[in-house]
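I opened the notebook to record what could be looked up in this structure. The entries follow in the order in which I made them.

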Amino acid sequence: MPTTVASSRRTAISVLVALGLVGIAMVSLGATGGLPFTFKPVTGQALAVVEEVPGPETGPKCALDKRYVDEQPVGLRPDVLDAWNTLRAKAKQQNISLCVNDGKRSRGQQQREFDNAVQRFGTEELAKRYVLTPETSMHVKGIAVDIQPLASAAWVEKNGGALGWCRRYDNEKWHFEYDPAYATGGCPALLPSATGS
């Protein structure tokens, strides 16, 4: 009996040592960028900094209107994703389909959007009426979605406030932002544009 106990202890110790070595190897690989799931903590910031998480830049065609895509809502803040799923389920109950033409963007994606808008409109001031800089975009913060087609966006404008989704800009009938306070306090007044002017 004592030989069996000693043998079991040696086996347990060997397994623990092996697991420890695997852990050390994983940490070492992570420090060199060898593992895709590693992260680099930044003092004073939460581990999951939503602004740095890219969303998809495209998606399958929207079944309702092939001019638009229907992105997966990847990268939205977790509470926003839950609220989006609730909104989409409520819409489906009323035979309304919602396509996410644009959702979460990384800072790089947003900068490209802004640069393209500057080229299209000619100046940064005009571009900012439709596309914000990465520092100010709610898409980068992971709390905004652009919904298409416009008939679906109109349904969200009418029904989404009770679930925390509000249209924010008069010149963007497709842009909605989530805030749980909207569900109880109502939607704020529309701003003329993303810049407020």
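**Largest pocket**

I began with the largest pocket and found 23 residues in its lining; nearest its centre lie Arg105, Glu113, Tyr130, Val131 and Trp174. I note that the model is a predicted one. I then looked up the volume of the largest pocket, which is about 560 Å³.

Next I asked which elements each supply at least two residues of this lining. I found four named: β1 (99-102), α3 (107-121), α5 (138-141) and β2 (144-148). The largest share comes from α3, with six residues. I sorted the lining of the largest pocket by residue class and recorded 10 nonpolar, seven polar and six charged residues.

**Chain overview**

I turned to the protein chain as a whole and listed seven helices and four strands. Read from the N terminus, the order of elements is α-α-β-α-α-α-β-α-β-β-α. The chain has 197 residues, and 34% of them count as buried. I also looked at contacts between residues at least 6 apart in sequence: 55% of these join residues at least 24 apart.

**The sheet**

I traced the strands and found an open sheet of four, in the order β1-β2-β4-β3, with antiparallel pairing. β1 and β3 (165-167) are the edge strands, each pairing on one side only. From one strand to the next, the twist averages 45 degrees.

I examined the pairing of β3 with β4 (residues 175-178) and recorded three bridges between these antiparallel strands. Within this pairing I looked up Arg167, which stands opposite Phe176 in β4.

I then asked which strands helix α2 lies across. Helix α2 (residues 78-93) lies across β1, β2, β3 and β4, and I noted an angle of about 85 degrees between α2 and β3.

**Tyr178**

My last entry concerns Tyr178, which is placed in strand β4. Is Tyr178 buried or exposed? Its relative accessible area is 12%, and the cut-off for buried is under 20%, so Tyr178 counts as buried.

I listed the contacts of Tyr178, leaving aside its neighbours within four places in sequence. The partners are Asp79, Val80, Ala83, Ile143, Leu163, Gly164 and Trp165. I also checked Tyr178 against Gly142: they are 36 residues apart along the chain, and their C-alpha atoms are separated by 9.3 Å.

How values were computed
Residues numbered from 1 in each chain as written. Predicted model: local features only at pLDDT ≥ 70, side-chain atom pairs only at ≥ 80, totals over all residues. Heavy atoms only, no water. 1 Å grid on protein atoms, 1.4 Å probe; cavity = no way out; pocket = protein on both sides within 12 Å on 5 of 7 lines; lining within 4 Å. Points joined across faces, edges and corners; volume = space filled by probe spheres on them. Nonpolar A, V, L, I, M, F, W, Y, C, P; charged D, E, K, R; others polar. Pairing = 2+ DSSP bridges. Axes fitted to C-alpha atoms, helices over the stretch in contact; angles between N-to-C directions. Contact = heavy atoms within 4.5 Å. Buried < 20%, exposed > 50% of the residue type's maximum accessible area, 1.4 Å probe, protein only.
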